[in-house]
Amino acid sequence: HVHRRRDGSEFPAAVAVNPLRNAQGVSTGAVVSVRDLTAERAQAEQLRHAEKMVALGELVAGVAHEINNPLTGISAFAELLLDDPLEDEQRESVEMIKRESERATAVIRDLLLFARKGDAPVGPVDLNALVEQTLRLRGYAHRAAGLQVHTDLAPALPAVLGDGQRLQQVLLNLVTNAEHALSPERTGSRTARTLTLRTAWAAHHVFVTVEDSGCGMTSDVKRRLFEPFFTTKPPGIGTGLGLSVSYGIAQAHGGSLSVESELDVGTRVRLTLPREPSVTREPASAASGIVRDA
């Protein structure tokens, strides 16, 4: 059954009706129990989504290997052609072939790393490299959407100790959420649609900030942002699990996620992680864009 709450919202329900009878067996009434199935449906949808992601990982790995082989051949033959005497225009074309094949190979390598099965080893993670990998993975989507993407990566960024795959999952979630906030449906006629990723570090922490000039969010949405299954995306687009999972991953690494947002102005999400303990490098000057510990 579909039932309606007092506020007018609907929910799926399982209804059981058990008759009441007197000593003579005559029906005198019934006990009706109604069980809200919203949570069970959400859990079932989460399981289906997880199964779909496993299948998608298998598909990505297979397709990536199939594409990688001809790309390797293209790059190798372009390298051989560059050893031959060529006119300037021809050399420029061959160099472009080699450059673009290497870029495609790098994207495939990032996909394989992200889709890799099993637990990744915990070790030093270069967040600058993760940011660059994530942007390569989403590069086509950004170009197709006409987004202006900027990076401000701190030089000599200290490593963090953690699981690189899970931390990349956090970055992908933050970037795709920013993309949704920058969609024309959310920003209207605004022409400046920018996505900026920054890294910085202080005495004990490393920071990654994902900032967009999108639609922003209300205080109510911001308050519920990390709730499981809460989403502002249309049905079939989001599961409402991305930020809650990202929050859990950040906490598991001894870090945190914080959000600043203003409606119709934009949103800034900061991932804070502890520095890898073995690193003893002193932080650079404040002029380098470093965010100091409070």
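Ser 101 touches Leu 71, Ile 74 and Ser 75, leaving out residues up to four places away in sequence; contact here means heavy atoms within 4.5 Å. This serine sits in helix 2, which covers residues 88-115. Ser 101 counts as buried because its relative accessibility is 4%. Buried means under 20% relative accessible area, exposed means over 50%, and partly exposed lies in between, using a 1.4 Å probe and protein chains only.

## The model and the chain as a whole

Before going further, please keep in mind that this is a predicted model: local features need pLDDT of at least 70 and side-chain atom pairs count only at pLDDT 80 or more, while totals for chains, interfaces and linings use all residues. Residues are numbered from 1 along each chain as its sequence is written, and side-chain values use heavy atoms, with hydrogens and water left out.

The protein chain has 8 helices and 10 strands. These are DSSP runs numbered from the N terminus, with helices (H or I) of at least four residues and strands (E) of at least two. Of its 294 residues, 33% count as buried. Among contacts in the chain with a separation of 6 or more, 63% come from residues 24 or more positions apart.

## How helix 3 meets helix 5

Two packed helices are described by the angle between their axes and the distance between the axes. For helix 3 (residues 127-137) and helix 5 (residues 164-181), the angle is about 50° and the axes are 10 Å apart. The axes are lines fitted to C-alpha atoms, for helices over the stretch in contact, and angles run from 0 to 180 degrees between N-to-C directions. Helix 3 and helix 5 are therefore oblique to each other. In this scheme, angles under 35 degrees are roughly parallel, over 145 roughly antiparallel, 65 to 115 roughly perpendicular, and the rest oblique.

Which residues of helix 3 meet helix 5? On the helix 3 side they are Leu 127, Leu 130, Val 131, Gln 133, Thr 134 and Leu 137, and their partners in helix 5 are Gly 164, Leu 167, Gln 168, Leu 171, Leu 172 and Val 175. The residues of this contact divide into 8 nonpolar, 4 polar and no charged. Here Ala, Val, Leu, Ile, Met, Phe, Trp, Tyr, Cys and Pro count as nonpolar, Asp, Glu, Lys and Arg as charged, and the others, Gly among them, as polar.

## The largest nonpolar core

In soluble globular proteins, nonpolar side chains tend to be buried together. The largest nonpolar core in this model has 33 residues, and those with the most contacts inside it are Leu 127, Val 160, Leu 167, Leu 174, Leu 195, Leu 197 and Leu 271. Such a core is a set of buried Ala, Val, Leu, Ile, Met, Phe, Trp, Tyr and Cys residues joined through side-chain atoms within 4.5 Å. Elements that each supply at least two residues include helix 3, helix 5, strand 7 (194-201) and helix 8 (242-252). Helix 5 gives the most, with 6 residues.

Val 160 touches, among others, Leu 127, Leu 167, Val 206 and Leu 273, not counting residues up to four places away in sequence. In helix 8, the buried residues are Leu 243, Ser 244, Ser 246, Ile 249 and Ala 250. What covers them includes helix 5, strand 9 and strand 10.

## Around the end of helix 5

Ala 178 lies in helix 5 and counts as buried, with 2% relative accessibility. Leaving aside neighbours within four places in sequence, Ala 178 is in contact with Leu 195, Val 210 and Asp 212.

Leu 182 is found in the loop between helix 5 and helix 6 (184-187). Is Leu 182 buried or exposed? At 0% relative accessibility, Leu 182 counts as buried. The residues it touches include Leu 147, Leu 195 and Asp 212, not counting residues up to four places away in sequence.

Most residues other than glycine have a negative phi. Ala 156 has a positive phi of about 55° although it is not a glycine, and it lies in the loop between strand 5 (148-152) and strand 6 (160-162). With 48% relative accessibility, Ala 156 counts as partly exposed.

Asp 264, also not a glycine, has a positive phi of about 65°. Its place is the loop between strand 9 and strand 10, and at 53% relative accessibility Asp 264 counts as exposed.
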